[in-house]
Amino acid sequence: MEVASVNPSTSPAPAIKFVLVASIAAGVQFGWALQLSLLTPYVQLLGIPHIWSAFIWLCGPVSGLLVQPIVGYYSDRCTNSFGRRRPFIASGAALVAVAIVLIGFAADLGYMAGDSLAKPSKPRAVAIFVVGFWILDVANNMLQGPCRAFLADLSAGNARKMAAANALYSFFMAVGNVLGYAAGSYPKLYKVFPFTRTTACEVYCANLKSCFFISIFLLLTLTITALTLVSETAISAKPEDSKKGGIQVFVELFSALKKLPKSMWILMLATALNWIAWFPFLLFDTDWMGKEVYGGNVGEGRLYDLGVSAGALGLMLNSVVLGLASLGVQFFARGFGKIKKLWGGVSFLLAVCLALTVLVTKVAEAHRQHAADGSLLPPKAGVKAGALALFAVLGIPLSVTFSIPFALASIFSSSSGSGQGLSLGVLNLAIVVPQMFVSVTSGPWDALFGGGNLPAFVGGAVVAAVGGVVVLAMLPSPDSKDQSNNGCSSNNN
């Protein structure tokens with residue numbers, strides 16, 4: 001695809017500009033971390049049954065499938081005097097702030113609109129939450145693509161600078177993850193913002209509000225600083241650009257499927273199985289801690305809230321291990337001799353960890369502790385430690401999920417003469433479509449086996465094992481030259 005004409009700088013920008021733009025990723029990922037750790041329990045607190053809560057998460061893959069390609073297409077051609085990327089980054093950050101206010105104050109606004117506190121279901125609050133949630137995911141997707149493209153623009157075509165810029169972006173993503181999960185794991189954060197606790201919004205809800213206030217402040221501060229201090233040069237449009245629409249992206253994407261080599265089809269299958277295995281845990285990990293491990297119920301007592309906070313701590317540990325393991329992916333891939341051996345091996349590790357959630361749950365149930373008045377107490381330290389250890393170990397296979405599939409897509413596309421960007425766009429289909437599938441089916445699947453989160457986790461373990469077999473038995477091995485010239489760079493969704 002041709003893009004608008006541009007006269008880029010002949011030399012890369014100073015390092016401080018890369019740092020400023022890449023730091024926006026910390027604000028974006030802080031919000032993502034809060035979504036993963038706190039929002040599934042929150043939607044159930046608003047009265048959405050567990051069986052339906054997964055449908056809320058359809059927004060992520062749907063917006064990833066639609067928004068990022070369209071935004072990327074138009075940001076390449078934007079002739080605004082503010083620049084190509086900055087208008088989209090600024091708009092995305094503003095929309096994030098609006099969405100977070102809607103989500104955080106959904107219970108209060110629903111109560112003002114007529115929701116009854118005596119009823120478990122709060123339809124007006126749910127409607128406000130869903131609108132805010134979808135705006136949030138669309139806004140986050142508006143931010144990520146232009147941020148990465150902005151870094152590439154600042155690199156001025158220098159391959160080494162591009163690699164360093166993406167590594168810096170990944171570093172700030174890890175920082176955002178750790179900060180977000182740390183905030184979510186602290187159950188008394190609402191005391192810093194006492195006004196967040198209201199008649200319609202008790203402790204858990206108030207804590208969520210407080211986390212989101214911090215998220216807005218962090219994202220807007222980083223975004224305003226970066227966009228103020230890092231400028232862009234306006235470009236002029238080609239006449240033929242006015243005749244093209246965003247649908248052109250999808251026409252080219254799907255037409256590329258007809259020309260895919262066999263290696264890419266197998267890679268897409270392995271990637272799809274990997275995400276089908278991962279997504280139930282990513283959706284319901286903190287809910288599992290609150291219900292199965294701590295024995296709590298949504299909106300009843302404090303056990304569930306304590307479990308969700310412990311789950312957020314587990315996700316923070318997961319992010320720390322993820323960051324450390326990502327640094328070693330390329331080394332261990334070369335050590336095994338073949339990249340696919342590493343991927344296949346950690347697929348089985350993922351299967352074992354997901355299956356072990358059943359063991360942790362059964363041990364927690366067998367050793368429930370009760371106070372003198374008969375009320376349930378939090379689980380023993382050993383049970384909590386076992387659950388947190390699972391979170392931490394899962395950072396190892398997650399580091400491979402965020403790196404090796406993308407590296408292999410680059411290797412295979414180079415071998416077949418396909419474009420790098422287009423091949424990664426096709427690979428994205430193998431990520432978002434499985435996420436949509438899991439969002440629709442995980443709730444009914446759990447209900448089929450009596451509810452709870454374990455059925456989806458066990459199903460994920462089986463799929464992960466199947467994925468490991470596919471990787472080891474079917475995925476072509478890149479030769480040693482390819483491995484030495486194509487590092488496994490970290491990537492996130």
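Student: At what angle do helix 13 and helix 14 pack?

Tutor: This is a predicted model. Helix 13 covers residues 339-366 and helix 14 covers residues 381-393. Their axes lie 10 Å apart. The packing angle is about 165°.

Student: Are helix 13 and helix 14 roughly parallel or roughly antiparallel to each other?

Tutor: Take the angle of about 165°. Angles over 145 degrees count as roughly antiparallel. Helix 13 and helix 14 are therefore roughly antiparallel.

Student: How many residues of the contact of helix 13 with helix 14 are nonpolar?

Tutor: Helix 13 brings residues including Leu349, Leu356 and Val360. Helix 14 brings residues including Val383, Ala387 and Leu390. The contact holds no charged residues and two polar ones. The nonpolar residues number 10.

Student: Are the rings of Phe129 and Phe133 stacked or tilted?

Tutor: Phe129 and Phe133 both lie in helix 7, four residues apart. Their ring centres are 5.7 Å apart and their planes stand at 15°. Planes under 30 degrees apart count as stacked. So the pair is stacked.

Student: Is Phe133 buried or exposed?

Tutor: The relative accessible area of Phe133 is 0%. Buried means under 20%. So Phe133 is buried.

Student: Which parts does the pair of Phe193 and Phe213 tie together?

Tutor: The two ring centres are 5.8 Å apart, with planes at 45°, so the pair is tilted. The parts it ties together are 20 residues apart in sequence. Phe213 lies in helix 9, and Phe193 lies in the loop between helix 8 and helix 9. So the parts are that loop and helix 9.

Methods. Residues are numbered from 1 along each chain as its sequence is written. This is a predicted model: local features need pLDDT of at least 70, side-chain atom pairs count only at pLDDT 80 or more; totals for chains, interfaces and linings use all residues. Side-chain values use heavy atoms; hydrogens and water are left out. Axes are lines fitted to C-alpha atoms, for helices over the stretch in contact, and angles run from 0 to 180 degrees between N-to-C directions. Helices (H or I, at least four residues) and strands (E, at least two) are DSSP runs, numbered from the N terminus. Angles under 35 degrees count as roughly parallel, over 145 as roughly antiparallel, 65 to 115 as roughly perpendicular and the rest as oblique. Contact means heavy atoms within 4.5 Å. Ala, Val, Leu, Ile, Met, Phe, Trp, Tyr, Cys and Pro count as nonpolar, Asp, Glu, Lys and Arg as charged, and the others, Gly among them, as polar. Rings of Phe, Tyr and Trp (its six-membered ring) pair if their centres lie within 6.5 Å; planes under 30 degrees apart count as stacked, over 60 as edge-to-face and the rest as tilted. Buried means under 20% relative accessible area, exposed over 50%, partly exposed in between (1.4 Å probe, protein chains only).
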